[in-house]
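Morning, everyone. Please have the sequence and the model open while I talk.

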Amino acid sequence: MDSSRVLPELDLYRAKRFESVQEAAAEPDRVHKLVLYGRDLQKMPSGLSQFTYLSSLDVSQNQLSSLGGEISSLHYLQGLYAVGNRLTTFPEGVVLLPVLQKIDLSNNQISSIPESIQRMDQLVRLSMDDNAVTRFPVALFSLKNLSVLELARNGLTEIPEGIASLKKLKKLDLAGNQITSLPKDLGSLRESLEELNLQGNPIPREEIDRLLEALPATNIRF
């Protein structure tokens, strides 16, 4: 891929917003942002692979049970948003996309995060609130650029040791799970962690007190 065609964040923000595949097909090489929000889509539209330089794809609030095979060809994709669909599995076609930085799969029915996610060392934000994930995969600890991790209202019962490897983590949202204890190395993130949400978890008060002492500058909600 041509790294010079990867849009800086500000340019992506300013890019023209296309709201249908038909509209975008008229000038496929200029399509950087495609928004198909709330279209009652039952399946992904065909023809996405023609948008070679697509950087942001929003298919939120549809009826999708799969993101289809073409998504794996979107090598310039930086942001993928599929909130409020019917996904039951993590879309593994995205794990090899070389510049994908932000994924929001909140409000689906995904039950697990694949080990292959460790390949996504460029990932900055992973949002999977309101799913059915019951196990926190240690593969997430390989994501050295991760700064936002949102797993609120899943079915998590524990967070394994190793989270200290996420040295750029700024926000960790674990609200509404069934977590009873936290890894001791969580306190090692005092230099980076700005926000920690533990509301709705049955964590003993002594655990909370330990965290408050270890993370004095972190906004902790419990």
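Start at arginine 205, which is partly exposed because its relative accessibility is 46%. On this scale buried means under 20% relative accessible area, exposed means over 50%, and partly exposed is in between, using a 1.4 Å probe and protein chains only. Arginine 205 makes a salt bridge with aspartate 209, and the closest N and O atoms are 2.9 Å apart. A salt bridge here is a side-chain nitrogen of Lys or Arg within 4 Å of a carboxyl oxygen of Asp or Glu. Aspartate 209 is also partly exposed, at 36%. Both residues sit in helix H3, 4 residues apart, so about one helical turn separates them. Helices (H or I, at least four residues) and strands (E, at least two) are DSSP runs, numbered from the N terminus.

A word on the source. This is a predicted model, where local features need pLDDT of at least 70 and side-chain atom pairs count only at pLDDT 80 or more, while totals for chains, interfaces and linings use all residues. Residues are numbered from 1 along each chain as its sequence is written, and side-chain values use heavy atoms, with hydrogens and water left out.

How many salt bridges does the whole structure hold? The search finds 13. One of them joins lysine 102 and glutamate 9, at 3.6 Å from N to O. Lysine 102 is in strand E5 and glutamate 9 in helix H1, so this pair ties together parts 93 residues apart in sequence. Lysine 102 is partly exposed, at 28%; glutamate 9 is exposed, at 62%. Another salt bridge links lysine 16 to glutamate 27, with closest N and O atoms 3.4 Å apart. There is also a network of salt bridges that links Asp104, Arg125, Glu150 and Lys171.

Now a charged residue without a partner. Aspartate 185 is buried but has no salt bridge. Arginine 210, the nearest side chain of opposite charge, is 7.9 Å away. For charge, Lys and Arg count as positive and Asp and Glu as negative; His and the chain ends are not counted. What does lie by the aspartate 185 side chain? The backbone nitrogen of isoleucine 163 is 3.2 Å from one of its polar atoms. Aspartate 185 itself is in the loop between strands E8 and E9.

Next, the inside. The largest nonpolar core has 63 residues, and Leu57, Phe90, Val94 and Leu126 have the most contacts inside it. Such a core is a set of buried Ala, Val, Leu, Ile, Met, Phe, Trp, Tyr and Cys residues joined through side-chain atoms within 4.5 Å. Helix H3 gives the most to this core, with 3 residues.

Last, the rings. The structure has 2 aromatic pairs. Tyrosine 53 and tyrosine 76 pair edge-to-face, 5.1 Å centre to centre, with 70 degrees between the planes. Rings of Phe, Tyr and Trp (its six-membered ring) pair if their centres lie within 6.5 Å; planes under 30 degrees apart are stacked, over 60 edge-to-face, and the rest tilted. Tyrosine 53 is buried at 17%, and tyrosine 76 is buried at 7%. Phenylalanine 136 and phenylalanine 141 have ring centres 5.5 Å apart and planes at 35 degrees, so that pair is tilted.

How values were computed. Polar contact = N/O pair within 3.5 Å; in protein donor to acceptor, adjacent residues only side chain to side chain.
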